Amino acid sequence: MHFYTILDLNYNIISLIDILGVIQGVILGSLLLFVHQSKRKSTLFLGLFILAYSLEFIPSILTDIKLVEYYPQLTYLPFDFIWLMFPLFYKYVRHISVFPEKSNYIYLYPGILSFIFQLIIFFFPLEIQTTIYESIPYLLFSLLGILYSIWIAIKTVQWINLHIGEVHNQFSKTEKRELQWAKLFVIIGLLFIISSIFAAFFKESFWVALLFSLVNVALLYWVSLRGILQKNISPLFQNVVSSSTTITATSQLSNNKKTSNFTPEKGEVQEKESLEKQELLVKKVTDYIILNKLYIKEDLTIVEVAKAVKKHPKTVSSAINKVRNVNFNTYINTFRIEKAKELLLSPIAQNLSIEGVSNEVGFNSKSAFYAAFKKIVGTTPTLYQKQNS
């Protein structure tokens, strides 16, 4: 008798955690939808994602607190969003990324149809609902939904990787623009789905249920907070993205839509130049950057450099990639690190902390400075200073 009391109490604890998840999800999701009203279109999809994520807690809550025993008609609530959640997050990522997003909602259609189907079935008699949801076809339908979610999650990671590459080609300051948090969330979500599949084959354990509940609520809070803080990453110049079996991207100048302050010379277009011309262009860019110490500017962009040499930004970016075999971000960081090495070994270093040195050479954070220094020099700024002083 005492054992069953403890078991009930444990499940009440899990239900309490889930209820808190629902409450925070509804509040934060609604907040994101409110922010959407301020013309930040991307938050619409994240807000809907958060709401769908939080509503999925409700069926398990009602089961755990044994409410469905008193109200059996609540057994099959239409809150299974396996077909919809990852597509919503994918649309969110597409809208905030550096590439312009076309109004394509095809990936949302299966999830919308699945919800409509569940909603219709919900008004059927309980016996018919049970027959449908326990049938082999519906089991296969659910399995297909899991596979669809995994596929969309992989596409999301691919898109973020593509986005990161383009951000590094356009900006010298990439913090808060890389969407690494979104990539990590998707990867954790994938692992979570796979773990849930394996867990279904084993006897339900209180500790496993508690762990899944805690992870779910933590992920819900984390993605909501990061989504609220995340700003859209506007492209510096127009990009055209095509998608086939693998995601590829090319960029072109748009004469009809303003996406930056870059104004080309008359008759100038993005051009494929010979290697010799590209080398001359990179030398011209390098000389200009060194002469004017542009690398010290914290948020230097490819557009500013391109305007100075009167070339299209994509032409400059392609030349740097081809000649130096690095992206624009790494290219600028090489100048910063060289200057940092000079400062670290000079008398000035006695009056500057490592963070002070990083600020002097154009980095806006100590972590970004350490990462760039380690990547280019192969050691940390502190060790470099000790080894060479």
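Reply: This is a predicted model, where local features need pLDDT of at least 70, side-chain atom pairs count only at pLDDT 80 or more, and totals for chains, interfaces and linings use all residues. Residues are numbered from 1 along each chain as its sequence is written, and side-chain values use heavy atoms, with hydrogens and water left out.

Me: How much space lies in the largest cavity?

Reply: On a 1 Å grid over the protein atoms alone, a cavity is a set of points where a 1.4 Å probe fits but cannot get out. Grid points are joined across faces, edges and corners, and the volume is the space filled by probe spheres set on the points. One cavity of 30 Å³ or more is counted. The largest cavity holds about 30 Å³.

Me: Which element gives the largest share of the lining of the largest cavity?

Reply: Lining residues have an atom within 4 Å of a point. Here they are Asp80, Ile82, Trp83, Ser114, Gln118, Tyr138, Phe141 and Ser142. Two or more of them come from each of helix 6 and helix 8 (136-170); helices are DSSP runs (H or I, at least four residues), numbered from the N terminus. The largest share, three residues, comes from helix 8.

Me: How many residues apart in sequence are the parts tied together by Glu166 and Lys314?

Reply: Glu166 and Lys314 form a salt bridge, with the closest N and O atoms 3.7 Å apart. The rule asks for a side-chain nitrogen of Lys or Arg within 4 Å of a carboxyl oxygen of Asp or Glu. Glu166 lies in helix 8 and Lys314 in helix 13 (residues 313-324), so the pair ties together parts that are 148 residues apart.

Me: Is Glu166 buried or exposed?

Reply: Buried means under 20% relative accessible area, exposed over 50%, partly exposed in between (1.4 Å probe, protein chains only). Glu166 has 7% relative accessibility. Glu166 therefore counts as buried.

Me: Where does Asp299 lie?

Reply: Asp299 meets the side chain of Arg177 in a salt bridge at 3.0 Å, N to O. The pair links distant parts of the chain, 122 residues apart. Arg177 is in the loop between helix 8 and helix 9. Asp299 is in the loop between helix 11 (275-292) and helix 12 (302-309).

Me: Which helix holds both Asp287 and Lys283?

Reply: Their side chains meet in a salt bridge, 3.0 Å from N to O. Asp287 and Lys283 are four residues apart, about one turn of the helix. Both lie in helix 11.

Conventions: 1 Å grid on protein atoms, 1.4 Å probe; cavity = no way out; pocket = protein on both sides within 12 Å on 5 of 7 lines; lining within 4 Å.
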